[in-house]
Amino acid sequence: MRAPIRAAAALAAVAAAVTTGVTTATADTHTGRADDGGFGYTRVRQGVPDSAARFKVTSPDIRDGGTIPAASYADSFGCSGDNKQIQLSWHGAPKDTRSYAVTMFDPDAPTGSGLWHWLTWDIPATDTQLGAALPTGAVAGTNGAGQTGYLGPCPPVGDITHHYRITVYALDTPTLQLPAATPATITTFTMSSHVIGTATITATARR
């Protein structure tokens, strides 16, 4: 009797999966919202250890949960913004911080892996803000478009709302010893083993 019972259980599981639209092979993903243009959505690991402390970042240009102003949109890829880099300031980082890094990541970009818009690292631990001018010793990294420095939002016309996560990382090393041309994935992978604290602000853009 065990074989029929197991078969019945398997059929019930399949029926449940069909009913909910989820199979065991795709249980960690979802198909996206109705307005996503038919793209699916898969979560991307953040590369931040659970033990990392949390501190606070603010900006005179955006608020957490708000929208990115037109001036900070890209001036390329079909957008005509000013590509004005978003200003940041932060406080409350761990006392043993030896440097900072800043990134802006769009997990909603229809690339299959999101898009890095901005990476800066080797910001001295004595600096607690980032404006248009880089602090001495800081490195402006290469974004996902292959350009150095800040790349503003330019989501596809009619696409879903994109969420731009701007994160300040407190690191336990004074330098990542990486050149500016290092690919974003290598930079963030290298950084992941040095993160002792993070502060994040998220703003949106849609066209």
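Author: Before we start, two strands pair if DSSP finds at least two bridges between them. Helices (H or I, at least four residues) and strands (E, at least two) are DSSP runs, numbered from the N terminus. This is a predicted model, in which local features need pLDDT of at least 70, side-chain atom pairs count only at pLDDT 80 or more, and totals for chains, interfaces and linings use all residues. Residues are numbered from 1 along each chain as its sequence is written, and side-chain values use heavy atoms, with hydrogens and water left out.

Reader: ok, how do E10 and E11 pair, and over how many bridges?

Author: E10 and strand E11 (residues 195-205) are antiparallel, with 10 bridges. Thr167 sits opposite Thr200 in E11.

Reader: is E10 mostly covered or uncovered?

Author: Mostly covered: 8 of the 10 residues in strand E10 (residues 162-171) are buried, meaning under 20% relative accessible area with a 1.4 Å probe, protein chains only.

Reader: what's the order of the whole sheet?

Author: The open sheet has 6 strands, ordered E3-E11-E10-E6-E7-E9, with mixed pairing. Strand E3 (53-54) and strand E9 (139-140) are the edges, each pairing on one side only.

Reader: switching topic, which helix packs on it?

Author: Helix H2 (residues 184-192), which touches E6, E7, E10 and E11; contact means heavy atoms within 4.5 Å.

Notes
Buried < 20%, exposed > 50% of the residue type's maximum accessible area, 1.4 Å probe, protein only. Axes fitted to C-alpha atoms, helices over the stretch in contact; angles between N-to-C directions.
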